[in-house]
Amino acid sequence: METPQPVVNRRPFCCTLKCFVKFLRLVVTVASMIFFIVGQAPEPYIVITGFEVTIIFCFLVLYTCGLDKIMRSFFWPLLISFPCECRLVSWLVST
């Protein structure tokens with residue numbers, strides 16, 4: 001006789017606080033990119049900020065589709081911190 005599996009009712013990612021925080025991060029990054037463009041900041045700042053916007057958007061899509069639960073071979077915290085590391089390297093190079 002099989003034991004019944006517990007039913008886990010998980011809310012979709014779009015309805016969680018984690019999604020709200022990640023979306024807010026995307027909005028702040030897009031706003032900083034707009035300010036860089038309007039303020040005519042050096043080109044590396046604009047490029048790195050655009051790169052970070054792209055990565056954050058890709059992670060939002062990935063989490064919304066639930067692919068983070070399917071692809072277990074990645075070390076997610078390292079991938080999430082990658083845009084911050086790129087920004088740090090570009091800042092060190094430009095100074």
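A: Start with the record for one stretch of the chain. This is a predicted model, and over residues 20–39 the chain is 95% helix and 0% strand, with the end C-alpha atoms 28 Å apart. An unreviewed UniProt entry places a "transmembrane region" at residues 20–39 and another at 45–67.

Q: How many helices and strands does the protein have?
A: The protein has five helices and zero strands. Along the sequence the pattern reads α-α-α-α-α.

Q: Where is confidence lowest, and where is it highest?
A: Where pLDDT is low, the predicted coordinates should not be read in detail. Here the mean is lowest in helix 4 (residues 76–80), at 61, and highest in helix 1 (residues 17–38), at 88. The protein averages a pLDDT of 77, and 64% of its residues score at least 70.

Q: What share of the residues counts as buried?
A: The cut-off for buried is under 20% relative accessible area. Of the 95 residues, 23% count as buried. The accessible surface comes to about 7,600 Å², and carbon and sulfur atoms account for 73% of that.

Q: Which residues make the nonpolar surface patch?
A: Leu17, Phe20, Val21, Leu24 and Val28 make a patch of about 510 Å². Phe20, one of these, sits in helix 1. Phe20 counts as exposed because its relative accessibility is 51%, and the cut-off for exposed is over 50%.

Q: Is Thr29 buried or exposed?
A: Thr29, also placed in helix 1, is buried, since its relative accessible area is 7%. Apart from neighbours within four places in sequence, Thr29 contacts Thr49, Glu52, Val53 and Ile56.

Q: What does Arg25 form a salt bridge with?
A: Side chains of opposite charge can pair when their charged atoms come close. In this model Arg25 pairs with Glu52, and the closest N and O atoms are 3.5 Å apart. The structure holds one salt bridge.

Q: How exposed are the two partners, Arg25 and Glu52?
A: Arg25 is partly exposed, at 29% relative accessibility, whereas Glu52 is buried, at 4%. Glu52 is also among the residues that Thr29 contacts.

Q: What share of the contacts joins residues at least 24 apart?
A: Among contacts between residues at least 6 apart in sequence, the share is 58%.

Notes
Residues are numbered from 1 along each chain as its sequence is written. This is a predicted model: local features need pLDDT of at least 70, side-chain atom pairs count only at pLDDT 80 or more; totals for chains, interfaces and linings use all residues. Side-chain values use heavy atoms; hydrogens and water are left out. pLDDT is the predictor's confidence in each residue, from 0 to 100. Helices (H or I, at least four residues) and strands (E, at least two) are DSSP runs, numbered from the N terminus. UniProt positions are given in the numbering used here, feature names are shortened, and annotations may be inferred rather than shown by experiment. Buried means under 20% relative accessible area, exposed over 50%, partly exposed in between (1.4 Å probe, protein chains only). Contact means heavy atoms within 4.5 Å. Accessible areas come from the Shrake-Rupley method with a 1.4 Å probe; for residues, only the protein chains shown count as cover. Patches are made of residues with over 30% relative accessible area and no salt bridge: like charges are joined within 9 Å, nonpolar side chains (Val, Leu, Ile, Met, Phe, Trp, Tyr) within 5 Å. A salt bridge is a side-chain nitrogen of Lys or Arg within 4 Å of a carboxyl oxygen of Asp or Glu.
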